[in-house]
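Reader: I have a structure open and would like to go through it piece by piece. Can you start with the pairing of strands and then move on?

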Amino acid sequence: MPETIEKVSIQLKVNGKSHSVSVEPRTLLVELLREHLDLTGTHVGCDTTYCGACTVLMNGAAVKSCTMFAVQADGAEITTVEGLEKDGQLHPIQRAFGDAYGLQCGYCTPGFMLSAMQLLAHNQQPSDHDIRKAIAGNTCRCTGYQNIFKAIQLAAQNMKGAR
Amino acid sequence: MSNLTRGLDRLYIRPKTLDEAAVLLAGEGGQVLSGGTDFYPALGDQLPRGRVVDISGLRELRGISADAAHTRIGGLTTWSEIIGAPLPRGFDGLKSAAREVGSVQIQNRGTVAGNLCNASPAADGVPPLLALDAEVELVSRVGKRRLPLADFIVGNRKTVRRNDELLTAVLVPRRLDDAASAFLKLGARRYLVISISMVAAVVQLDGSGRVAEVHVAVGSCSVTARRLSKLERDLIGAPVSGLATRVTPEYLSPLSPIDDVRATARYRLDASLTLVQRALNYCVGNS
Ligand SMILES: Cc1cc2nc3c(=O)[nH]c(=O)nc-3n(C[C@H](O)[C@H](O)[C@H](O)COP(=O)(O)OP(=O)(O)OC[C@H]3O[C@@H](n4cnc5c(N)ncnc54)[C@H](O)[C@@H]3O)c2cc1C
Ligand code: FES
Ligand code: FES
């Protein structure tokens, strides 16, 4: 491995804001978000690509930002948990996680909320099965999942009401 | 060309055309990176060795199309794209498999071609595509070749793909468009799980309700997924009623399951028998 690694210039939009950055090809997307862009809401919960704490949206699709190099997000639009609120107002999914006690320590929560975002963007009336399937790639060590499940149901109701 | 030569000392390169990629792989070479969902975990705490050729920018490898003879699944097609595509019912089994690959995050990134090239004995994409008589198309600088999937995967994580070749498409014969198909996966839990056994079946009936053609493939029970050819031959002409009861344990003899952390060999065989029967029942129930 050479001492200095040639950097690659990429452009991406994160939470609506354009960024041009130079990264080493080995930099993970999650490292770019947390360490270069200071968006520490996206968490790293494992080094086996299993836990889903690092889930973000890439062009609207939930992806694990620890299982991608940042260079692979060149030209993409990324949404992290910081991008959910609008004008100081929490997103209905964020409010529902609070109202339904869908979190305890909160470490897993950003990932669950972004998985829920992809689900609810395409499916206004998700079945129980749809919800379980949508969060199958996210692990929570605290809640036992029931309240997360209820939070997503609640968010679905509230978002439907708002449309 | 200046762009390419400059690329030779770079660790990461994302070619824009298939030609460019083929030239790169034929020259300095490099490790192919697609969705990265097998590539990245395989690194562990190491950096990639040598150069990485990211193929995600190759437009030629995108999309699903069909001509008179084949449905063509482009080499960058993700599992989520398979789930969302309007495919004939012969693909129902492949769609079920797509829904079982990891979780939504993995299905959004992981590709069918990556699953085949990685060639894990537990790759969920292999049995349904074997059961569909799929072929793979490989392209390199020197040309294009096409071979049956059954000849492409030759062992545990071993394929006949040369390092300079890309899997550009999976081709499925249209002959099986109207067949009933199923995929069943058994794991230790419902989601995000590696298969203990998985079975894909494709059943085509004739006009009188008898079996005209049947294909059954079993995965996770040998180094590569296997078709049960004797069973397939013996079931031709059989009536649909009681079809599954014709599947006796002897028909599983092509399998050579192992004991590992997920299950014992005996359990795998026993479970596979039940899965084969259920998959056939599912197909004839839906014919
Ligand atoms: C959390 C998790 C859960 C998973 N669960 C499952 C599961 O349930 N079932 C299952 O089957 N798999 C599972 N996988 C494995 C993986 O997601 C799939 O095998 C996926 O289809 C791989 O595709 P990819 O595009 O990500 O491949 P990559 O990781 O990009 O590549 C895989 C290999 O194939 C080569 N390659 C890729 N594309 C091409 C091409 N077009 N031409 C030539 N070579 C190529 C690469 O060089 C590499 O060696 C899981 C992975 C993770 C991280
Ligand atoms: S940090 Fe655990 S899956 Fe990404
Ligand atoms: S709330 Fe603590 S891990 Fe989920």
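Author: A definition to begin with: two strands count as paired if DSSP finds at least two bridges between them. Note also that this is a predicted model.

Reader: Fine. In S5(A), what is the bridge partner of A:Leu57?

Author: A:Leu57 is bridged to A:Thr79 in S5(A). Strand S3 (residues 55-58) and strand S5 (residues 77-79) of chain A are joined by two bridges and run antiparallel.

Reader: And what is the strand order in the open sheet of chain A?

Author: The order is S2-S1-S5-S3-S4 in chain A, an open sheet of five strands with mixed pairing. Strand S2 (17-23) and strand S4 (61-64) of chain A are the edge strands, each pairing on one side only. From one strand to the next, the twist averages 40°.

Reader: Which helix packs on it?

Author: Helix H3 (residues 109-122) of chain A does, touching S3, S4 and S5 of chain A. The direction of that helix makes about 35° with that of S3(A).

Reader: Over to chain B. What does the domain assignment give?

Author: For chain B, the assignment gives domain 1 (2-54), domain 2 (62-175) and domain 3 (179-285). Between the C-alpha centres of domain 1 and domain 3 of chain B, the distance is 38 Å.

Reader: Now helix H5 (residues 92-100) of chain B. How many of its residues are buried?

Author: Seven of the nine residues of H5(B) are buried, so the helix is mostly covered, where buried means that 20 or more other C-beta atoms lie within 10 Å of a residue's own. The buried residues include B:Asp92, B:Leu94 and B:Glu100.

Reader: What do the buried residues of H5(B) pack against?

Author: They pack against helix H4 (79-84), H6, helix H8 (126-131), strand S11 (180-186) and strand S12 (197-205) of chain B. Just after H5(B), B:Gly102 has a positive phi of about 55°.

Reader: You mentioned S11(B). Mostly covered or mostly open?

Author: Mostly covered: six of the seven residues of S11(B) are buried. S11(B) pairs with S12(B) in the antiparallel sense, over seven bridges. B:Leu186 has B:Ser197 in S12(B) as its bridge partner.

Reader: Next, the ligand. Which residues are closest to ligand 1?

Author: B:Gly35, B:Gly102, B:Gly110, B:Gly114 and B:Asn115 are the closest of the 33 residues that surround ligand 1.

Reader: Why is the site said to be shared between chains?

Author: Because residues from both chain A and chain B surround ligand 1.

Reader: Which elements of chain B supply at least two residues of the shell?

Author: Those are strand S2 (31-33), helix H3 (39-43), helix H6 (104-109), helix H7 (112-118) and strand S10 (166-173) of chain B. H7(B) has the largest share of the shell, five residues. By class, the shell has 13 nonpolar, 15 polar and five charged residues.

Methods:
Residues are numbered from 1 along each chain as its sequence is written. Chains are lettered from A and ligands numbered from 1 in the order in which they are written. This is a predicted model: local features need pLDDT of at least 70, side-chain atom pairs count only at pLDDT 80 or more; totals for chains, interfaces and linings use all residues. Domain bounds come from an automatic or database domain assignment. A residue is near a molecule or strand if its C-beta atom, placed from the backbone, lies within 6 Å of it. Helices (H or I, at least four residues) and strands (E, at least two) are DSSP runs, numbered from the N terminus. Ala, Val, Leu, Ile, Met, Phe, Trp, Tyr, Cys and Pro count as nonpolar, Asp, Glu, Lys and Arg as charged, and the others, Gly among them, as polar. Axes are lines fitted to C-alpha atoms, for helices over the stretch in contact, and angles run from 0 to 180 degrees between N-to-C directions. Two residues are in contact if their C-beta atoms, placed from the backbone, lie within 7 Å. A residue is buried if 20 or more other C-beta atoms lie within 10 Å of its own, exposed if 12 or fewer, and partly exposed in between; C-beta atoms are placed from the backbone.
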